[in-house]
Amino acid sequence: MIYIAQDEAAFVKKAAQLVLETFSGAIEARKRATWALCGGRTPQWVFPKIAEAYYRERIDWKNVLIFWGDERCVPPDHKDSNYKLAKDLMLSKVPVPAENIYRMAGEMTSPHEAARAYETQLKNIFKYDRPFPKFDLIWLGMGEDGHTASLFPGTSALEETEKWVVGHHVERLSSNRLTLTIPVINNARRVVVLCPGESKAPVLRDLFHPLASKNRYPIQRVHPTGGELIWLLDKAAATKLPPDIRNKAQNI
Ligand code: 6PG
């Protein structure tokens with residue numbers, strides 16, 4: 001499903017509504033909702049919306065478990081931390097119990113050890129989900145190179161088929177990152193790609209072009225098996241979509 005928001009308010013509202021409806025369904029069915037956040041700039045728009053009374057008061061936060069899809073290998077109070085972003089703009093403003101928040105330990109010296117530690121935590125929480133955890137909702141962003149989470153083009157993390165979490169050095173960023181792997185992302189019940197902005201239009205054109213090469217961008221590997229993939233774009237991001245794709249999209 002592709003949604004094209006006509007303005008920022010519509011984009012933010014749709015993203016928040018999708019969170020609300022995912023959680024109520026999950027909690028009704030399984031008494032908990034599991035949500036993996038993404039980082040980058042885009043969530044900065046949506047986090048404050050979810051912290052607003054209308055959404056805050058409609059979410060049963062004591063039954064929501066918060067995770068991250070990826071993290072930079074920095075301390076939790078570092079300006080680049082995805083955890084800090086979510087904490088400052090949302091988690092500190094909603095009544096989610098501290099014990100429900102599972103951040104990736106970006107401060108650990110070894111990204112490999114940090115990944116193993118997070119995977120161990122996940123295996124304790126998703127006790128019965130094997131071979132992979134089944135998140136109720138995974139938020140993803142997409143970079144201008146088609147990366148998603150911290151799965152970058154040409155990195156071995158993209159090829160991981162067994163691990164749940166990988167810690168690796170990302171050459172192009174000259175930095176270490178932690179990330180959920182493709183099999184985990186594809187096992188989610190719902191994946192929402194938050195993808196606004198003109199800078200994403202060229203990659204989106206390529207992605208949705210009928211003759212697109214299938215494995216050029218990491219995000220092309222995101223195909224939830226049995227789950228739902230939702231693209232949330234804005235008008236600027238959608239400008240280069242093939243006409244038939246645009247016509248099938250829902251304007252909001
Ligand atoms: C991160 C993200 C990353 C992000 C994309 C899009 O840690 O940076 O998880 O995958 O979602 O780079 O970022 P923007 O939202 O800033 O375009």
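Where is the place of Pro-131? Pro-131 lies in the loop between helix H5 (111–125) and strand S5 (137–140), with helices (H or I, at least four residues) and strands (E, at least two) taken as DSSP runs numbered from the N terminus. The peptide bond that joins Arg-130 and Pro-131 is cis, with omega about 0°. Another backbone feature is found at Lys-31, in the loop between H1 and S2; Lys-31 is a residue other than glycine, yet its phi is positive, near 65°.

The model is a predicted one, in which local features need pLDDT of at least 70 and side-chain atom pairs count only at pLDDT 80 or more, while totals for chains, interfaces and linings use all residues. Residues are numbered from 1 along each chain as its sequence is written, and side-chain values use heavy atoms, with hydrogens and water left out.

Polar contacts (pairs of N or O atoms within 3.5 Å) reach oxygen atoms of the ligand from the side chains of Lys-200 at 2.6 Å, Thr-42 at 2.7 Å and Asn-82 at 2.9 Å. Taken alone, the ligand exposes 420 Å², of which the protein buries 93%, as computed by the Shrake-Rupley method with a 1.4 Å probe.

Aromatic residues also deserve a look. Eleven aromatic pairs are present in the structure, counted for rings of Phe, Tyr and Trp (its six-membered ring) with centres within 6.5 Å; planes under 30 degrees apart are stacked, over 60 edge-to-face, and the rest tilted. Phe-23 and Trp-35 form an edge-to-face pair because their ring centres are 5.3 Å apart and their planes stand at 70°. This pair links distant parts of the chain, twelve residues apart: Phe-23 belongs to helix H1 (residues 8–30) and Trp-35 to strand S2 (residues 33–37).

Conventions: Polar contact = N/O pair within 3.5 Å; in protein donor to acceptor, adjacent residues only side chain to side chain.
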